[in-house]
Amino acid sequence: YLWKKELPAGKPQRITNGIDFEFEPQFSADGKTLLYTTWNDSTAGAIYKLNYQQAGAVPVKLSKSKAIYRTPSFSPDGKWIVFRKEGGSDVLGPAYTAGPGIYIFDSEGNNEKLVTENGNTPRYNKKGDRIFYQSGSTMTSVKLDGEDEKVLLKSGYGNQFTVSPDEKWIAFIDLHKAYIAAFPQTGKAIDIGSGTTDFPLKVITKDAGFNLHWSSDSRHLHYTLGSQ
């Protein structure tokens, strides 16, 4: 389930009161609305949104069909949502997994459209006219209609590429450690990794780190600590 805590020493409080498993929370750019996915072995997955700043607000189900939903994220203006439908897994099974890929629908869950059958962890760019997504050790961008795919980054061991909201920086994982680098957009694929010397890069974890998230002002990077 999803919880919140006032830092540094507040008491944890559950955000919702549903019975389905809850995953992958993501705030809107203004911090007022929270997106998340759910899973129930009987009813499958769904995407919900919650008015985070309204006391007693009831989560609103956005998705219309059963599927395995992953990593929903708002467009910068909050009018659209991008997400992935997963193609099944050993844990969740193959049911309701026809048509996997990256999709968008509006903030009320209507006008669903397929963007691309490729990739995962989709995010809008700062203009809201393209989507970044990852596939293996590459990061690609594509227009909202699925056209004009461009590989932006490629890496031998890098993954979890996470662009800052101002698009000046890229955070990523390379062999378990987290790095921050300048985000050069040259119009062609850039090789990036722990040994990159062509542009500024800094390791930010002593041990392993994952679940990378930027603050809305691009000044802070949050991550989960782990051990190698």
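I began with Glu 24, which forms a salt bridge with Arg 70; their closest N and O atoms are 2.5 Å apart. For the record, I count a salt bridge when a side-chain nitrogen of Lys or Arg is within 4 Å of a carboxyl oxygen of Asp or Glu. Glu 24 lies in strand E3 (residues 21–27) and Arg 70 in strand E7 (residues 69–74), so this pair ties together parts 46 residues apart in sequence. Strands (E, at least two residues) are DSSP runs, numbered from the N terminus. Glu 24 is partly exposed at 24% relative accessibility, and Arg 70 is partly exposed too, at 30%. My cut-offs, with a 1.4 Å probe and protein chains only: buried is under 20% relative accessible area, exposed is over 50%, and partly exposed is in between.

A note on the source: this is a predicted model, where local features need pLDDT of at least 70 and side-chain atom pairs count only at pLDDT 80 or more, while totals for chains, interfaces and linings use all residues. Residues are numbered from 1 along each chain as its sequence is written, and side-chain values use heavy atoms, leaving out hydrogens and water.

Next I looked up Glu 112, which forms a salt bridge with Lys 85 at 2.8 Å between the closest N and O atoms. Glu 112 is in the loop between E9 and E10 and Lys 85 in strand E8 (residues 80–85), 27 residues apart. Lys 85 is buried, at 10%, whereas Glu 112 is partly exposed, at 34%.

How many salt bridges does the structure hold? I noted 7.

Note on methods. Helix = DSSP H or I, 4+ residues; strand = E, 2+ residues; numbered from the N terminus.
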